[in-house]
Amino acid sequence: MSERLTVLKTYKLYVGGKFPRSESGRVYEVTDSKGKWLANAPLSSRKDARDAVVAARKAQGGWAGKTAYLRGQILYRVAEMLEGRKDQFVREVADAEGLSKSKAAAVVDAAIDRWVWYAGWTDKIAQIVGGGNPVAGPFFNLSSPEPTGVVTVVAPQKSSFLGLVSVIAPVIATGNTAVVIASEDSPLPALSLGEVLATSDLPGGVVNILSGRTAEITPSLAAHQDVNAIDLAGVEDDVLAKELEVAAADNLKRVVRPQPVDSIDWSADPGTHRLTAFLETKTVWHPTGSLGASGSSY
């Protein structure tokens, strides 16, 4: 009997709830921490990036319009799916980051817990950053948070899963949609996350995941007029980061650039700063008391 050949996994992009190959047809070799070949990943083009923005924009209104409670339930469902595929992610994280199986398992557990943590914030963040404001005069003055819109997220390079979850979950928890650039050297956990999202209740287009060369994909996204914000958590090259900041300024994008990028401890308490980073505050003034002869109250 001939020896059976293993069926190798074909990794694809995740855009608009579907799994396309790069329109360029290109792939690149992904290796583990010791240089051993693991798989070929799609090498995304600028056209793939533009397609991802279109999908994110199409999904943004519907996602932002869902109740905060429902968004939390959907995010929790993603955590359930991650728990069911934990063994796969442990293997991929171990290969990507050169960790032992036990250490990789601890990282995956932390990432799943982090996802649950952000899921619990969806219906609470408004109480933290919104509310009634005291004003001098016969008015109600109310402030409430709203999502910024479409956010490009450059995932951390050295934390292929915990860092990835830490930058994606807060963006979508607050009603934004995301175009995610996976870690260039370790994209496989991110591409596998796309499979989890596709089989959860998360609407297509809310998260779109690209793999490839960071320096090739990010400039077009930073300059894209329909991208509202960009998170440079995974841009370790200071020259590239500066170029992206300049490109983003063309349409007044909100830019988040942690400093220094390569020393972020993704296992630390995340706080709420990533939840609030991509929120806008809407303030409404409304008169109160009796107005005019009719005695109408507002």
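## Pro147

Pro147 has 25% relative accessibility and therefore counts as partly exposed (buried is under 20% relative accessible area, exposed over 50%, partly exposed in between, with a 1.4 Å probe and protein chains only). The model is predicted: local features need pLDDT of at least 70, side-chain atom pairs count only at pLDDT 80 or more, and totals for chains, interfaces and linings use all residues. Residues are numbered from 1 along each chain as its sequence is written, and side-chain values use heavy atoms, with hydrogens and water left out.

Pro147 belongs to strand β4 (residues 139-147). Helices (H or I, at least four residues) and strands (E, at least two) are DSSP runs, numbered from the N terminus. Leaving aside neighbours within four places in sequence, Pro147 is in contact with Gln60, Ala64, Thr174, Gly175, Asn176, Phe278, Leu279 and Glu280 (contact: heavy atoms within 4.5 Å). Val235 is 88 residues from Pro147 in sequence and 23 Å from Pro147 in space, C-alpha to C-alpha.

## Ala39

Ala39 sits in strand β2 (residues 37-42). Its relative accessibility is 3%, so Ala39 counts as buried. Not counting residues up to four places away in sequence, Ala39 touches Tyr11, Tyr28, Glu29, Val30 and Leu188. Between Ala39 and Gly17 there are 22 Å in space, C-alpha to C-alpha, and the two are 22 residues apart in sequence.

Arg213 lies over the face of Tyr28, 4.4 Å from the ring centre. The rule asks for NZ of Lys or CZ of Arg within 6 Å of the ring centre and within 35 degrees of the ring normal.

## The parallel sheet

Five strands make an open sheet, ordered β7-β6-β5-β8-β9, with parallel pairing (two strands pair if DSSP finds at least two bridges between them). The edges are β7 (207-210) and β9 (254-256), each pairing on one side only. From one strand to the next, the twist averages 15°. Helix α8 (residues 214-223) packs on the sheet and touches β5 (150-154), β6 (177-181), β7 and β8. The direction of α8 makes about 150° with that of β6. Axes are lines fitted to C-alpha atoms, for helices over the stretch in contact, and angles run from 0 to 180 degrees between N-to-C directions.

Strand β8 (residues 229-231) runs parallel to β9, joined by three bridges. Asp231 stands opposite Val256 in β9.

## Aromatic pairs

Four aromatic pairs are counted. Rings of Phe, Tyr and Trp (its six-membered ring) pair if their centres lie within 6.5 Å; planes under 30 degrees apart are stacked, over 60 edge-to-face, the rest tilted. Phe89 and Phe161 are stacked, because their ring centres are 4.6 Å apart and their planes at 15°. This pair links distant parts of the chain, 72 residues apart: Phe89 is in helix α3 (residues 86-97), Phe161 in the loop between β5 and α6 (162-173). Phe89 is buried, at 1% relative accessible area. Phe161 is buried too, at 0% relative accessibility.

Elsewhere, Trp117, Tyr118 and Trp121 form one aromatic cluster.

## Nonpolar cores

The largest nonpolar core has 63 residues. Such a core is a set of buried Ala, Val, Leu, Ile, Met, Phe, Trp, Tyr and Cys residues joined through side-chain atoms within 4.5 Å. Helix α6 gives the largest share, nine residues. Trp115 and Ile172 have the most contacts inside this core.

Apart from neighbours within four places in sequence, Ile172 contacts Trp63, Arg71, Leu75, Trp115, Ala178, Leu202, Val206 and Val207. A separate core has 14 residues, among them Ala52, Ala56, Val179 and Leu221.
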